[in-house]
Amino acid sequence: MDKNEKKNIEKISEEILVNYNFNGEVGVIQIAQDSNFIVAQSKLRSYEQGFIFVNKDSDEILGLETQKLIVVNSELKPEEKRFVIAHELGHYFLHCKDKSLYAHRDNIKGKEDSEQDVDYFAACLLMPGENFSNLFNQLKKEKSDNKDIIKDLSRKFRVPEESAKRRIVELGLI
């Protein structure tokens with residue numbers, strides 16, 4: 001993913017967030033519902049984290065009255081569920097908008113480019129760059145251990161620690 005693609009993804013996530021007054025934690029379920037998605041949980045295979053299904057040709061998906069559905073694995077931790085929902089929204093906002101779509105997120109390494117950009121979208125949505133950078137810099141003054149900083153960022157933004165760690169690198173903070 002090049003710089004222009006990243007800038008475009010950041011712009012899209014910022015445009016979504018401008019409609020909400022989130023202080024720290026982003027209400028990703030609210031964003032999904034406002035985009036007419038039903039968000040559900042189900043026990044999926046151990047390697048499946050979630051999926052998105054958009055069907056413009058029908059008003060029903062899996063027996064539910066909807067054209068838009070996001071399902072997350074009920075076995076995931078709350079912060080992982082939030083990231084999966086944001087990831088699936090990335091498929092919608094970056095690749096779908098006006099057409100049908102099915103995509104799923106799994107925990108298998110070696111992701112396609114389209115998975116990398118929706119992960120980046122999820123990070124931008126859940127950990128907006130300016131807010132994240134400001135908090136990181138504040139914590140850096142208070143704490144010397146990066147592990148403690150990552151834990152604090154993870155708690156504040158309610159994301160997995162690995163996502164907070166990756167976001168620090170993406171933003172060039174260390």
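At 7% relative accessibility, C96 falls into the buried class. Keep in mind that this is a predicted model. C124 is buried too, with a relative accessible area of 3%.

So what about disulfides? Searching the whole structure turns up zero of them. For C96, the closest cysteine sulfur sits in C124, and at 20 Å that is too far for a bond, because a disulfide needs its two sulfur atoms within 2.5 Å.

| Cysteine | Relative accessible area | Nearest cysteine sulfur |
|---|---|---|
| C96 | 7%, buried | C124, 20 Å |

Now for the helices. Helix α6 covers residues 146-157 and helix α7 covers residues 161-170. How do their axes meet? They come within 8 Å of each other and cross at roughly 110°, so α6 counts as roughly perpendicular to α7. As for handedness, the crossing of α6 past α7 is right-handed.

Which residues make the contact? On the α6 side there are I150, K151, L153 and S154, and on the α7 side E161, A164, K165 and I168. By residue type, this α6 contact with α7 splits into four nonpolar, one polar and three charged residues.

Conventions
Residues numbered from 1 in each chain as written. Predicted model: local features only at pLDDT ≥ 70, side-chain atom pairs only at ≥ 80, totals over all residues. Heavy atoms only, no water. Buried < 20%, exposed > 50% of the residue type's maximum accessible area, 1.4 Å probe, protein only. Axes fitted to C-alpha atoms, helices over the stretch in contact; angles between N-to-C directions. Helix = DSSP H or I, 4+ residues; strand = E, 2+ residues; numbered from the N terminus. Parallel < 35°, antiparallel > 145°, perpendicular 65-115°, else oblique. Left-handed = near helix turned anticlockwise from the far one by under 90°. Contact = heavy atoms within 4.5 Å. Nonpolar A, V, L, I, M, F, W, Y, C, P; charged D, E, K, R; others polar.
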